[in-house]
Amino acid sequence: MACTVVVDGFFGDTGKGKIVSYLAVVDGVAVCARAGVGPNAGHTVVKDGKTYKLRMVPCAFVNPETRLLIGPGVAINPEIVLSEAAELVVEGRLGLDPQCAIIEPKHIELDRTGDLKGRIQTTGSGTGPCNADRALRSAKMAREIPELKRFLSDVPAELNKALDEGKNVIVEGTQGTYISLYHGTYPYVTSKDVCASAACSDVGIGPTRVDEVVLVLKSYVTRVGAGDLPGEIAPEEARRRGWDEYGTVTGRQRRAAPFNFELAKRAAMINGATQIAITKLDVLHPECKGSTRFEDMGRASREFIAEVEDVLGLPVTLVGTGPDVMEMIDRR
Ligand code: IMP
Ligand code: MG
């Protein structure tokens, strides 16, 4: 697998966390670097019956051998970093770049008032105001925070060295293509570009180093916060279909719509996807729950995967069939 970038082809919450943690375990990933905006993202990982909600630590933590890094492009909340690192017992293998921007209480306050809260319906985690300060050259950097000293590491240097040595590396994207500041439904977007090229920049690797871009698509589409969602169904209908989900960070009920081929195709283009991961197929077709072999799935499941491959012109290499990390069909 060498260097794999994992990104989201819809509006976030497609299940990147599960894909990253699966790859970390089965491919013996040496280094996983988290890219993206910051603790506005919540990645869920279910391993051995335990559910983890991660806002800062990379999802590859489930492999105890994996080095966990957060790239300089990411805004960090020191409190969340410290509490997650302690809770997950990953202190010894977590590295933060000295140039990560620091979210301060004033950023969180700003994010929970006015237009950001009212019109955009942000997560209120302070990432947007922090990135605004970064652009104004007034944000604090991780290197200025004594409590973070022991974690500081040159993330681009570590990652590029691992690649030079032929090790397997994952770049963990966050959010989703259609909430990218550049490619999403502006102004109802997050505060940075979050597509594959931006993820590489966040962690300090150049485009020539990337071998695979895995585009993660959920079997239906969800969106939290304001902005257009084509084909949106009513919240009661979402509940009836089992598509009702609640935000990892905010607890809000996510809005829902059927799988969207047009959005998926454009996301594959913008991210330069080389393969597709389909998640939560068991929610759409309960018969496939827990399957680990393509041949064992029912006809409707197999036809859906074939249609995705046909429309996108890309192989569907991974299919999620349940919440646990190992409930996965791997066709690579
Ligand atoms: P912000 O990123 O907190 O500024 O929020 C801007 C928009 O992006 C809001 O609609 C949020 O709900 C959405 N958003 C931000 N991060 C995530 C995420 O990780 N998953 C899903 N939506 C997100
Ligand atoms: Mg999420």
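**Note on the predicted model**

1. Helix H11. The exposed residues Arg299 and Asp310 sit on the face of H11 that is turned away from its buried side. The structure under discussion is a predicted model, and the remarks below should be read accordingly. The buried residues of H11 are Ser301, Phe304, Ile305, Val308 and Leu312. Because these five residues cover an arc of only 95 degrees around the axis, they lie on the same side of H11.

2. Helix H9. In H9, which runs over residues 261-271, the buried positions are Leu263, Ala264, Ala267, Ala268, Ile270 and Asn271. They are placed on the same side of H9, because the arc they cover around the axis is only 165 degrees. Glu262 and Met269 are exposed, on the face of H9 turned away from its buried side.

3. Helix H2. Buried residues of H2 (residues 78-87) are Pro78, Ile80, Val81, Glu84 and Ala85. Viewed down the helix axis, the buried residues of H2 fall within an arc of 165 degrees, and therefore line one face. Glu79 and Glu87 are exposed on the other side of H2. The reader may wish to note that Glu84 is listed among the buried residues, whereas Glu79 and Glu87 are exposed.

4. Surroundings of ligand 1. Which residues are closest to ligand 1? The ligand is surrounded by 15 residues, and the closest are Asp13, Asn40, Thr123, Thr190 and Arg252. By class, the shell around ligand 1 divides into six nonpolar, seven polar and two charged residues.

5. Polar contacts of ligand 1. An N or O atom in the side chain of Thr123 is 2.6 Å from an oxygen atom of the ligand. Asn40 places a polar side-chain atom 2.8 Å from an oxygen atom of ligand 1. Ligand 1 taken alone exposes 470 Å², of which the protein buries 96%.

6. Arg34. This residue belongs to strand E2, residues 31-34. Is Arg34 buried or exposed? Its relative accessibility is 0%, and Arg34 therefore counts as buried. A polar atom of the Arg34 side chain lies 2.9 Å from the backbone oxygen of Arg55. The C-alpha atom of Arg34 is also separated by 7.6 Å from that of Val57, although the two residues are 23 residues apart along the chain.

7. Val29. The loop between helix H1 (16-26) and E2 contains Val29. With a relative accessible area of 1%, Val29 is buried. Val29 and Glu65 are 36 residues apart in sequence, and their C-alpha atoms are 7.9 Å apart in space.

8. Asp330. Strand E15, residues 328-330, includes Asp330. Because its relative accessibility is 29%, Asp330 counts as partly exposed. Asp330 and Arg252 are 78 residues apart in sequence and, from C-alpha to C-alpha, 32 Å apart in space.

Technical notes
Residues are numbered from 1 along each chain as its sequence is written. Chains are lettered from A and ligands numbered from 1 in the order in which they are written. This is a predicted model: local features need pLDDT of at least 70, side-chain atom pairs count only at pLDDT 80 or more; totals for chains, interfaces and linings use all residues. Side-chain values use heavy atoms; hydrogens and water are left out. A residue is near a molecule or strand if one of its heavy atoms lies within 4 Å of it. A polar contact is a pair of N or O atoms within 3.5 Å; within protein, one must be able to donate a hydrogen and the other to accept it, and residues adjacent in sequence count only if both atoms are side-chain atoms. Accessible areas come from the Shrake-Rupley method with a 1.4 Å probe; for residues, only the protein chains shown count as cover. Ala, Val, Leu, Ile, Met, Phe, Trp, Tyr, Cys and Pro count as nonpolar, Asp, Glu, Lys and Arg as charged, and the others, Gly among them, as polar. Buried means under 20% relative accessible area, exposed over 50%, partly exposed in between (1.4 Å probe, protein chains only). Helices (H or I, at least four residues) and strands (E, at least two) are DSSP runs, numbered from the N terminus. The arc is that of the directions from the helix axis to the C-beta atoms.
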